[in-house]
Amino acid sequence: MTGDELCIPIFKRLRQDGTLYPDDTPQGQGNVSQGDKSQDASPIQRDPIERDTALKIYRTMLFTRVLDERMLAAQRQGRLSFYMQCTGEEATVIGSAAALQDDDMIMAQYREQGALAWRGFSCDEFMNQMFGNERDYGKGRQMPIHYGSRDLHYMTISSPLATQIPQATGYAYGQKLAGKGQCTITIFGEGAASEGDFHAALNMASVHRVPCIFLCRNNGYAISTPSCEQFAADGIAPRAFGYHMQSIRVDGNDVIAVYEATLAARKIAVETNQPILIEAMTYRLAAHSSSDDPSGYRSKKEEAIWRDKDPILRMRNWLEAQGWWSEEEEKATGDQLRREVLESMKRAEKLAPPALDTLISDVYDTPTPLLTQQLEDVKQHIRKYPHAYPKGAASMGFTAQELEVSRKAYQARQQRMQSHQPVDGGQTS
Amino acid sequence: MNMLQAINNALDIAMAANPRVVLFGEDVGVFGGVFRATSHLQDKYGRERCFNTPLTEQGIIGFANGLAAQGSTPVAEIQFADYIFPAFDQIVNEAAKFRYRSGDLFDVGGLTIRTPYGGGIAGGLYHSQSPEAYFAHTPGLKIVMPRNPHQAKGLLLAAIRDPNPVLFMEPKRLYRASVGEVPEADYELPLGVADVIREGRDITLLGWGAQMEVIEKAAALAEQDGIDCEIIDLRSILPWDIETVCNSVLKTGRLVVSHEAPLTGGFASEIAATVQERCFLYLEAPIRRVTGLDTPFPLVLEKEHLPDELKIYEAIKQSLNY
């Protein structure tokens, strides 16, 4: 038997114009075998997402879009070293987060800022991490967008791809032992799913029956690599069956489909301790990162097709059809969010960098004698050349004036060196 | 007790004392591990706390990292240290950096990784390696290597309870060969602290794990020549006890370091460089490193490859005659 006949349908609920698919359309049927929507009465008569939740999701999507646009611009202006946008994938990450309980663990890859925003991470908290200032929970150690929050149950992001997937399996195993009815969701791209850690994680999750949801954002590209060079089979979803795991493929630009699928997956995970794989089909509308230019590997025409499927616009159409949102609210909210982001960025930029002592804290629970000595060596060195290490010197209490004195002394020394050079012909060092 | 019994006893005590201690790895469940270090523990504590995993080292340590981050105390077993490399990424990029990168929001301090290491058992390339130096270059990790049953129990209990991820490397050649008095009670030996096994005047001999037995034999040979050796078991590779080692060399003026792992990039290099920096004026002879050759670990010529007591004895004499 070959897998050619296995082509998993896409669970869809919402058309781009904001109307719902009729409940009996074939593509409206997902294949989560338990708890799916097929037995529900016509969903057009009831609200798939209740009003307050829907509006919170939508505002979070708008905030994420505004944040992304503003921060990419800040990176282009040289105010920020690096950035990654969530653009086009807001429905996937926010719709899924909205279907979880607040104390479920989220272990994400890096393009899931929307899920963190959903949980209430403030604009200032985002900014503090990106600018690595003294209020960054991560103490300025990681690149921008590597967020984490213990209070919001959002595991700190790390750059190595897919490493969080088996960690999510282990985390969920601990939740199962604790028996408090919580689960873990881990979110990753279709490229990361090629890592060995993906295989290890899903297999172990099935064998050890853990309450974990594996959510793959299949956005068509891993940097420049299109998905046809990532895998030969029908995407990520069917891999679950080889692990004896349930699976569903959803339209990742359809917030209702993502929300309902995650809700059903959570119920299965928590009630039966069975892991679930969700593959959300979407498109990375933005560049991979601020260091990437997609024009080298894909066409504007292709991007335009997907821009027409914008998940935010789709949800807005639905909200307006419900009478829950208007042109005026759209404009007022957009203006207010842009103002909030800009003001927050200005505040974060002005804050001091982390204290010099944070160089050696948290390597271990307490610094070793060797680390303490290395910090002392660095401090002694900074005392000699404070102007060369303005952040550390400020942390040690050097004033701007003292830095200037140091800078001038060093410049004078360099000038003496240059004027001496012709004397020995630059041959000796 | 032999070393395996001491380790089994330590795991039993740790599991009884803390319900969040969870053991897993390949074949550690009902079978009790290929070396039987986890014998009877599944019977006693149930399948949820002592279980087999699929055969995937990166999965085992990834799982362990997640479980530790959740607040449990995982004790993961890698069947042979030779097979720890698939988990290198999860150990070096994840476990070791978990606390630092999150600003202490999250940590995997509960994690202990147990793994049998070392040669001398006709294990060839992939059942003999001593990979401690690969991990010694990894801030955030602790590395511990016991030399006998008493040390194994006390250090393992300390490792499991230490609030940092610990790589606990067990000298499998001594699993059954090393037998000694081990208290039944719960006790811990400190991590990061070397053990001066024997005081001496003329030269400092330094090693860890199974190599201590070899070093002690070399010291006995040298003693017949009237050479009074000071013998130190480093016990912890990371962080290592610089003070104890340097104090000894300041006294003796000579140092021989011996390990099974290859010379180039081996941990003896780190020790030699540090001692040279700190004890420069007191050194009477170059620091000698007696180690495995810079080759993969051979099968038939294992004895020739390994730094045995005769090779160490020769290094001692050369240092004294320098």
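A residue counts as buried under 20% relative accessible area, as exposed over 50% and as partly exposed in between (1.4 Å probe, protein chains only). The model is predicted: local features need pLDDT of at least 70 and side-chain atom pairs pLDDT 80 or more, while totals for chains, interfaces and linings use all residues. Residues are numbered from 1 along each chain as its sequence is written, chains are lettered from A and ligands numbered from 1 in the order in which they are written, and side-chain values use heavy atoms, leaving out hydrogens and water.

Q: Is A:Arg316 buried or exposed?
A: A:Arg316 forms a salt bridge with A:Glu320 at 3.1 Å, N to O (a side-chain nitrogen of Lys or Arg within 4 Å of a carboxyl oxygen of Asp or Glu). A:Glu320 has 31% relative accessibility and is partly exposed. The relative accessibility of A:Arg316 is 15%, so A:Arg316 counts as buried.

Q: Which helix of chain A holds both A:Glu320 and A:Arg316?
A: Helices (H or I, at least four residues) and strands (E, at least two) are DSSP runs, numbered from the N terminus. The two residues are four apart, about one helical turn, within residues 311-322 of chain A, which is helix H10.

Q: What is the relative accessible area of A:Glu376?
A: A:Glu376 and A:Arg383 form a salt bridge, with their closest N and O atoms 3.8 Å apart. A:Arg383 is partly exposed at 44% relative accessibility. A:Glu376 is also partly exposed, with a value of 35%.

Q: How many residues apart in sequence are the parts that B:Arg147 and B:Asp233 tie together?
A: The side chains of B:Arg147 and B:Asp233 meet in a salt bridge at 2.7 Å, N to O. B:Arg147 is buried at 14% relative accessibility, and B:Asp233 is buried at 0%. B:Arg147 lies in the loop between strand E5 (142-144) and helix H7 (149-161) of chain B, and B:Asp233 in strand E9 (residues 229-233), so the sequence separation of the parts they join is 86 residues.

Q: How many salt bridges are there between chain B and chain A?
A: Over all chains the count is 45 salt bridges. One network in chain B links B:Arg198, B:Arg201, B:Asp202, B:Glu223 and B:Asp228. Between chain B and chain A, the count is zero.

Q: Which element of chain B gives the largest share of the side that touches chain A?
A: The contact (heavy atoms within 4.5 Å) takes 44 residues from chain B and 43 residues from chain A. Between the two chains there are 22 residue pairs in polar contact, both at pLDDT 80 or more (N or O atoms within 3.5 Å, within protein one able to donate a hydrogen and the other to accept it, with residues adjacent in sequence counting only if both atoms are side-chain atoms). On the chain B side, strand E2 (50-52), helix H3 (57-70), helix H4 (88-94) and helix H5 (98-101) each supply at least two residues. The largest share, 10 residues, comes from H3(B).
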